[in-house]
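Dear colleague,

Please find the structure below for your own calculations. My notes on it follow directly after.

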Amino acid sequence: MSQCNEFAEMISSHVDGVLSPEETRKLEDHLVTCSSCRATLDAFLAADAAARETVIPGEQVWTDMWDRIQSDLATRENRSILFARLWRGAAFAAAAAAILLTLYVFGPQTRTPVDATSRPGFQVLSVEVGAPEYTAVVMNAADGQFPVVWIERI
Amino acid sequence: MDELSDHEILAAVGRGDQAAQKEFFLRYRQKAYRAAYRLLGNDADALDATSDAFVKVFRAASGFRGEASVKTWFYRIVVNTSLDLARKRKRMLSLDGPGEEPGSLADFIDSGQETPPEAVLRGEMSEKISAAIDALGEKHRSVFVLAAVEQLSYREIADALGISIGTVMSRLFYARKYLQKSLSMHVEAGDEPVQ
Ligand SMILES: [Zn+2]
């Protein structure tokens, strides 16, 4: 059994085909005499084979995915994980407060302000709050119609 | 287009060439989906993660450093995107549980005290393996998927995940031991009369 411990990791490497010829010979000699290690090898191979079996999506799925990728790429900026347009007024203020509160609860932390001025077409309304992973910026769209909350992953 | 290397394709993607994007998508979509499927355990999330990974790849293509391997860089993005989504799903379902720390994984393998998840004990082989992989912590799962499913070399896995080759080997070994134990407990459980 203690001898088997020596071979345990070798069996995993053997499955990946990375043992040297000498190591392979040594392992094979042991496998001849040890049913426990043979069972381990069979189990490793079976698990690998089962894991490789996946259903491959059909052509329509890929076509839809391609369209979605192109549409995602077309939406404004890099690294934006949430780009929400909110109606101005009370609904906007409440929603912005909720988002900022959420960020604050999840991790209050001051960060270097995002360079929101570099976003053409937007006028920053001055609110910037950082959390460990995200920075939120509240802006006015160029047309002045809809305030925007921008949350960006850092 | 199809005789260009991955590096050349990616460089063209970085210059905004849409035909190159399409070629890159054709080359890598299946790999990405297969890895994402095994990292996430279901088709809908795998499709989401695959799609998001390509968006990230295309956006980041212009910043790709030529000396790195396109393949390992691509897999790193697929793994990170998939694990991000997996964490998000876990948070949403409040299903955070044990299994993430190597300690508990090793304990499970060594002790025989704990039992694998219910889903491993029933169901067909494909369901069992999915549930067993899902129960692996994300570190072990990532290594197992890249090695067993995608058949990357230890070096490529180490590069993609930013870990050493020794860590790749030990995580892979523990993952396989865990799966062996989970799946064999199914057989034993099936052989015993129900109490
Ligand atoms: Zn043995």
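B:Q151 is exposed, with a relative accessible area of 53%; buried means under 20% relative accessible area, exposed over 50%, and partly exposed in between (1.4 Å probe, protein chains only). B:Q151 sits in the loop between α8 (138-149) and α9 (154-161) of chain B, where helices (H or I, at least four residues) and strands (E, at least two) are DSSP runs, numbered from the N terminus. The phi angle of B:Q151 is near 55 degrees, a positive value in a residue other than glycine.

On conventions, this is a predicted model, in which local features need pLDDT of at least 70 and side-chain atom pairs count only at pLDDT 80 or more, while totals for chains, interfaces and linings use all residues. Residues are numbered from 1 along each chain as its sequence is written, chains are lettered from A and ligands numbered from 1 in the order in which they are written, and side-chain values use heavy atoms, with hydrogens and water left out.

Confidence. The model scores ipTM 0.81 and pTM 0.70. Chain B averages a pLDDT of 84, and 78% of its residues score at least 70; pLDDT is the predictor's confidence in each residue, from 0 to 100. In chain B, pLDDT stays under 50 over residues 95-104, for which the model has 11 contacts beyond four places in sequence, a contact meaning heavy atoms within 4.5 Å. Over residues 188-195 of chain B, pLDDT also stays under 50, and there the model has 1 contact beyond four places in sequence.

Zinc site. Four protein donors, A:C4 (SG), A:H30 (NE2), A:C34 (SG) and A:C37 (SG), lie 2.0 to 2.3 Å from the zinc ion. Donors are N, O and S atoms within 2.8 Å of the metal (3.2 Å for Na, K and Ca); water is not among the atoms, so sites may look incomplete. Along the chain, the donors follow the spacing C-x25-H-x3-C-x2-C. The site is tetrahedral, with angles of 101 to 118 degrees among its 4 donor atoms; four donors count as tetrahedral if all angles lie between 85 and 135 degrees. For reference, the ideal angle for four tetrahedral donors is 109.5 degrees.

Salt bridges. The structure holds 15 salt bridges over all chains, a salt bridge being a side-chain nitrogen of Lys or Arg within 4 Å of a carboxyl oxygen of Asp or Glu. One of them pairs A:E59 with B:R29 (3.4 Å, N to O). A:E59 lies in helix α4 (residues 59-74) of chain A and B:R29 in helix α2 (residues 18-40) of chain B, so the pair joins two chains. A:E59 is exposed at 51% relative accessibility, whereas B:R29 is buried at 11%.

Within chain B, the side chains of B:E150 and B:R34 meet in a salt bridge (2.9 Å, N to O). This pair links distant parts of the chain, 116 residues apart: B:E150 is in the loop between α8 and α9, and B:R34 is in helix α2. B:E150 is buried at 8%, while B:R34 is partly exposed at 22%.

Finally, a network of salt bridges links A:R68, B:D45, B:D48, B:D52 and B:R89. B:D48 and B:R89 themselves meet in a salt bridge (3.9 Å, N to O).

With kind regards

Notes. Four donors count as tetrahedral if all angles lie between 85 and 135 degrees; four count as square planar and six as octahedral if opposite donors are over 155 degrees apart and all others between 65 and 115; anything else is irregular.
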